[in-house]
Amino acid sequence: MNVKRGLWLIAVAIFLGLLSHTAAIASVDLSAGIRYVSDTGSLSDCSAKARAALETYLPGASESSPGSGEWFASGQNLLTGAPSSAATVRCYPLAKGYMVTFVCAVQLPTNPYGAYPLCLDIAHKFYGGAITPLAAMPTATPMPSGCATTNLVGTWVSDNDPKLSFTMELNGDLTDSEGVSGNWIIDGSTVTLTYYGNHTLKLSPDGKRLSGAGYNLTRKC
Amino acid sequence: MTRISRCRVTLLAVGLIAAFGSLATRAPAALDMNVGVSKVVQNQPVSACDSSAKTALNAVLQNAVELGGDTGEWIAFGAPDSANGSTAAAAINCYPLGGAYVVTFTCAAQVPPSADSAAALCTKLSAAFDSGAR
């Protein structure tokens, strides 16, 4: 095989690998321009409202230095484990009243809403105005727990032989207490266990018991 | 399997490992935002702030625009790279105070791939603003 063909094969493989990574183009979205001037009130009044408005949408607002009137908060994206939204509300005292600015940033497309809707809601929360609900921040899919009737995830113990137990995974795998593996499928309340052959069992309405084909199993939940 | 076929399979595997390996080591991008400095400049009109804000934003980022006309609210984004959109952005707010003005800097960056953190970006902007204000 000649060198040219070898390099070509590597290039094709790298291209295929990169093609499978379907990351969307990411960018920073920044919103500025919302400013509010109050003829009354002190810097501390502004600070109290700034903190409350920020914390309505982003947790843990903090002041950049005590008494500065400059507030910041950010929102963690549970899917990426990193912040994908943030906002600042900055208060500045005037001879009469105060001036406050709102600047927001989000990372798109990771964040489910843009910087402007976030800033508009924070500003409206501060000085009044229509609040438009923001799209919910995505959350990691929780591992099923308890006695769900839509899956068999968990540990099952044989009623006939308490030493025999089965660990069933979300992906349909099962492993018994001696390390023998198999699979499970559920369709309504009908369960097919592939474990030394195929067996059809029934799941109880409370999701705690499996019985049939000589098996009687109780789920720990 | 012939020797040539084995070679081809090996090369294909090397390529795939290179492709997927490089992806696996990529750190997740995080949004970084910085509350930059806020300062009062005495004996200067707000138009001087506007001018310096535009100059600073264009020096550090690009295409600075004043939002909504004569508002003193300036914004700019970094040049988009080939794989992403803009990964850095900043806002400079100018507000008149009698014969003086107050200016604030706020920056955001997506790190990685942005080489500058939001704090570094705001520091650069503040320095560029001061240069333009002299």
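A disulfide here is a pair of cysteine sulfur atoms within 2.5 Å. Keep that cut-off in mind for the tour of this predicted model.

**Stop 1: a disulfide in chain B**

Select C107(B) and C122(B). They form a disulfide, with their sulfur atoms 2.2 Å apart. Look along the S-S bond: the torsion is 105°, and the link is right-handed. Now show the secondary structure. C107(B) sits in strand β5 (residues 100-111) of chain B and C122(B) in helix α3 (residues 118-133) of chain B, so the bond ties together parts 15 residues apart in sequence. Are these two cysteines buried or exposed? C107(B) has 0% relative accessibility and counts as buried. C122(B), at 4%, counts as buried too.

**Stop 2: another disulfide in chain B**

Next, select C49(B) and C94(B). Their sulfur atoms are 2.0 Å apart, and they form a disulfide. The torsion about this S-S bond is -80°, and the link is left-handed. It connects distant parts of the chain: C49(B) belongs to helix α2 (residues 46-60) of chain B, C94(B) to strand β4 (residues 88-97) of chain B, and they lie 45 residues apart. Both C49(B) and C94(B) are buried. Count the bonded cysteines along chain B, and its disulfides follow the pattern 1-2, 3-4.

**Stop 3: across to chain A**

How many disulfides does a search of the whole structure find? Over all chains, there are four. One of them joins C104(A) to C119(A), S to S 2.2 Å. Select that pair. The torsion about its S-S bond is about 95°, so this disulfide is right-handed. C104(A) lies in strand β5 of chain A and C119(A) in helix α3 of chain A, so the bond ties together parts that are 15 residues apart in sequence. C104(A) has a relative accessibility of 1% and counts as buried. C119(A) is buried as well, with a relative accessible area of 0%.

**Stop 4: strand β5 of chain A**

Stay with the strand that holds C104(A). Select residues 98-108 of chain A. Why is β5(A) described as largely enclosed by the rest of the structure? Of its 11 residues, 10 are buried, and buried means under 20% relative accessible area.

Strand β1 (residues 27-38) of chain A runs antiparallel to β5(A), joined by 10 bridges. Follow β4(A) around into β5(A). The hairpin has four residues between the strands, and G97(A) takes a positive phi near 85°.

**Stop 5: the nonpolar cores**

Show side chains. The largest nonpolar core has 25 residues. Those with the most contacts inside it are L54(A), V100(A), F102(A), L118(A), I122(A) and F126(A). Which elements of chain A give two or more residues to this core? They are α2 (43-57), β3 (70-77), β4, β5 and α3 (115-127). The largest share, six residues, comes from α3(A).

Centre the view on I122(A). Leaving aside residues up to four places away in sequence, I122(A) touches A53(A), L54(A), Y57(A), A87(A), V89(A), F102(A) and C104(A). C104(A) is the disulfide partner of C119(A) from Stop 3.

Finish on the other core. It is separate, has 22 residues, and includes L57(B), A76(B), A88(B) and L121(B).

Notes
Residues numbered from 1 in each chain as written. Chains lettered and ligands numbered in written order. Predicted model: local features only at pLDDT ≥ 70, side-chain atom pairs only at ≥ 80, totals over all residues. Heavy atoms only, no water. Buried < 20%, exposed > 50% of the residue type's maximum accessible area, 1.4 Å probe, protein only. Pairing = 2+ DSSP bridges. Core = buried A, V, L, I, M, F, W, Y, C linked by side-chain atoms within 4.5 Å. Contact = heavy atoms within 4.5 Å.
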